[in-house]
Amino acid sequence: MEAAEGRRHVRLVTYRGSEDIPLLCSLIERDLSEPYSTYTYRYFLDSWPQFGLLAMESTTSGASKTAEGEVRDECIGCVVCKLDRSRHGVLRGYIAMLAVRHDRRQSGLGTLLVETVLMKMHESGCEEVVLEAELSNRGALALYEKLGFVRDKLLEKYYLNGSSAYRLKLKMNRRSDSMLFADMDEDAYT
Ligand SMILES: CC(C)(COP(=O)(O)OP(=O)(O)OC[C@H]1O[C@@H](n2cnc3c(N)ncnc32)[C@H](O)[C@@H]1OP(=O)(O)O)[C@@H](O)C(=O)NCCC(=O)NCCS
C-alpha cells in the first residue's frame, strides 16, 4: 500500500500483553456509546490472548537517499474473542469486539481480522462461533453474513440504550481441516 506521506505496511499481530490494552481501547471506544471497563478487556485477553489480534500499520515517512525514514506504528484494527464450552458442551467461539479505524474501513481489513481469528478457532477445535450485532449496524451485518454467519435470534432491547441486536452464528465444518480459510496468511495484508 502506498500513501502520500510514505509507504504503509499492515501486519496482524497476536495480543502481546497489557501494553496493548490502551491501543485497543482508543480504537474500540470511538464507536461505543458506553465504554468497556479495563476489566472487560482483561477478562478476554488474559484468558484467551491467542484470540486477540491487532492490525498494526507502519508508515515510513521522510525517507530520502541520505536519511532513514521515520517509522510510525499505529493500531488500525482489532478483534477480541474467547473460546469455551457452552452449557450443552459445544466448543463455542465468541467474538466480543471488532473495530477498524474510520479512515481504513471498506478495504477488507475487518474481513481479514475475522477470517484470521476464525481460522485460529477452527485449529483449536471450535464447533461454532457466535456474536451480537446491533440491528442498525449494516456494515457489521454485511461483513459477517458474507463470511457465512446467519441470524440466529433477535434480541429485543439488548443494549442499555434500548436498541436491539441479532445473535449471529457460524457453524464450523469439523470434517474439513482446510475449511474456508486455507489460504489465509497473517502477514498477507500489505
Ligand atoms: C464493521 C467494521 C469492523 C467493518 O470493517 P471494514 O474493514 O470496513 O470491513 P470490510 O472492508 O472487510 O468489509 C466487508 C464487507 O462488509 C460490508 N460493509 C462494510 N462496511 C459497510 C458499510 N458501512 N455499509 C454497508 N456494508 C458494509 C461490505 O459488504 C464489505 O464487503 P465488500 O467489500 O465486498 O463490499 C467497521 O465498519 C467498524 O469498525 N465499525 C465500527 C465497530 C463495529 O461496528 N464493530 C462490529 C460490532 S458487531
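Which residues of strand E8 (residues 165-171) lie on the covered face, and which on the uncovered one? In this predicted model, Tyr166, Leu168 and Leu170 form the covered face of strand E8, whereas Ala165, Arg167, Lys169 and Lys171 form the uncovered one. In a regular strand the side chains alternate between the two faces of the sheet.

The loop between E7 and E8 contains Lys157, which is exposed because 10 other C-beta atoms lie within 10 Å, and 12 or fewer count as exposed. Leaving aside residues up to four places away in sequence, Lys157 touches Gly162 and Ser164. From Lys157 to Glu134 the distance is 9.8 Å, C-alpha to C-alpha, although 23 residues separate them in sequence.

Elsewhere in the model there is a ligand, with 19 residues around it, of which Arg105, Gly110, Thr111, Gly139 and Ala142 come nearest. Two or more residues of this shell come from each of strand E5 (91-100), helix H3 (109-123) and helix H4 (138-146), and H4 gives the most, with six residues. Sorted by class, the shell around the ligand consists of eight nonpolar, seven polar and four charged residues.

How values were computed. Residues numbered from 1 in each chain as written. Predicted model: local features only at pLDDT ≥ 70, side-chain atom pairs only at ≥ 80, totals over all residues. Near = placed C-beta within 6 Å. Helix = DSSP H or I, 4+ residues; strand = E, 2+ residues; numbered from the N terminus. Nonpolar A, V, L, I, M, F, W, Y, C, P; charged D, E, K, R; others polar. Buried ≥ 20, exposed ≤ 12 C-beta atoms within 10 Å, placed from the backbone. Contact = placed C-beta atoms within 7 Å.
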